[in-house]
Amino acid sequence: MRRNLFPNLTTIAIIGISMLLFSSFSLIAHNLTSFLRIWEDKIEVIAYLKKGIPMSEIESLLKETRQLEGIETVNYVSPYDAMTFMESKLGSQKNLLEGIQPGVLPSSFEIRLKKHFRNSMSIKEVVYQLKRFPQIEEIQYGQQWVETFSAVVHVFRLTQWVLGGLLLIGIIFITFNTLQLTISSRKDEIEIMYILGASPAFIQVPFYVEGLIQGLLGTGLAILFLFYFYYKVLLYHVFFLYITPSIKEWLTEIPILFLPPEKIVMIILGGMVLGFFGSFAASMRFLKYRV
Amino acid sequence: MEEGAKWTNSFIFLKKKGVRVSLNCNMIQMTHVFKTYPSQITALSDITLEISVGEFIFITGPSGSGKTTLLRILFCAERPTSGEVVVNGVRITQKGFREIHLLRRKMGMVFQDFKLLQDCTVGENIAFSLEVTGHVQKEIKKKVFEILSRVGLQEREGDSVLSLSAGEQQRVAIARALVNDPPLLLADEPTGNLDDPMTLDVMQIFTDLHHRGATIVFATHDMDLIQRYPYRAIYLLKGRKVSGSA
């Protein structure tokens, strides 16, 4: 490696840039997925009850609702609870509610779904079952929002794989060509080795090891750079410089995560495999034993 | 050990001991060798040739006559289109590519353009040849010094090859070819880039090697050089052998 410092550094840089692109994409995907999970966690169904239903009937309805498939918790919200909630939300402007009796507000069930039911299709099933209860007047679950949201999640996951795949093909192509140039720059040395009677393994193995090391260094540098960017820029600067206080407040509720250790290990191993196979494929042309 | 190799080793041993031995075994045997490239250019045509153990032989002819092709076939860098080639008792035309490097370790090859590692020292160039063939560091150091002494370059071991004259670089290339003690030395125009005094200097090393028992196949187009030495010469023209006994 020492003898061919420049081509080796070029290869490391190319692998590094390629893997930086890939890991940046993974970082975005990881954060969007975590962001979507947070939203998914907040999905709940509110069933408004008809007025004048006696408390005993409400209690039996509560029991029946809790037994439905996909239901995690059901909380009864009385008109008085609803009024208190509204007052707390209005804060200093709660005097707007003066003169309004709690009885005007309907009582309701706040229904939280089990995790795997928090998607468009499953919510519809739960709602269908709830609609069979005659005591329920109206059901709100942000149908349009849930459906759009699920579609976005689906499209994003599909895009992640398609773009990830295309990016990977591009990286393999770039790495292969750079490594081919590196090996080509050493063809005199290879020829001399042939002349001196070096075994095929003696000639080839160092190139494979070099490919592995280049993959490790390139990917390692990419991860370090990405971490620096995440730590110095994403966490502390960009979001807090050019955005309005209300968006800032909203954003602080969303955690910005770095890649988890298992993903980092996989990306580094991927870089090493890339370096190895790039080297293997590139060397086939030059290292084929000439007869 | 194959029959031919046994003969070679015995012959070299006896010759080193000063015993006169008659040449009754071939180091190289080429029988009806043809070489045609895919472009339909015939480089060698019906070459039949025997070179005895310990012989010094010139292969001569104008450019494009097939000298280099003949050497490349002997060095297993190319396969003949047809015919049979036996080197040191080994039928090289039947060897698979995974065995070729083992055959090459029993041959030394010297080129007109030296083929040295330009960014290495004299010592490193020679040591590289030993590293490639799996020698240990201690042994490498000793052998490098010994071989450089034989070619008169022991003082230049740590110098870059770029600081050497063409003649000295060729001496390094010869030292590198000899360091593994091969019984056969192939030289492709080794004096082609050298002036007269340097040529004589390099030829002195080759004749010394010959006297020590090495078989030398020396390709050159320099007829004056050939006439100065009493060795057999094979003349090639357009891939055919036009003079010189089999």
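Guide: In chain B, strand β1 (residues 26-36) and strand β2 (residues 42-52) pair in the antiparallel sense over seven bridges. This is a predicted model, where local features need pLDDT of at least 70 and side-chain atom pairs count only at pLDDT 80 or more, while totals for chains, interfaces and linings use all residues. Residues are numbered from 1 along each chain as its sequence is written, with chains lettered from A and ligands numbered from 1 in the order in which they are written.

Visitor: What makes β1(B) and β2(B) count as paired?

Guide: Two strands pair if DSSP finds at least two bridges between them. Here there are seven bridges, so β1(B) and β2(B) qualify. Strands themselves are DSSP runs (E, at least two residues), and helices are too (H or I, at least four), numbered from the N terminus.

Visitor: What sits between β1(B) and β2(B) in the hairpin?

Guide: Five residues, and B:Gln40 in the turn has a positive phi of about 70°. B:Thr36 stands opposite B:Thr42.

Visitor: What makes residues of chains A and B part of the contact?

Guide: Two residues are in contact if their C-beta atoms, placed from the backbone, lie within 7 Å. Chain A brings 15 residues and chain B 16. On the chain A side, α6(A) gives the most, with five residues.
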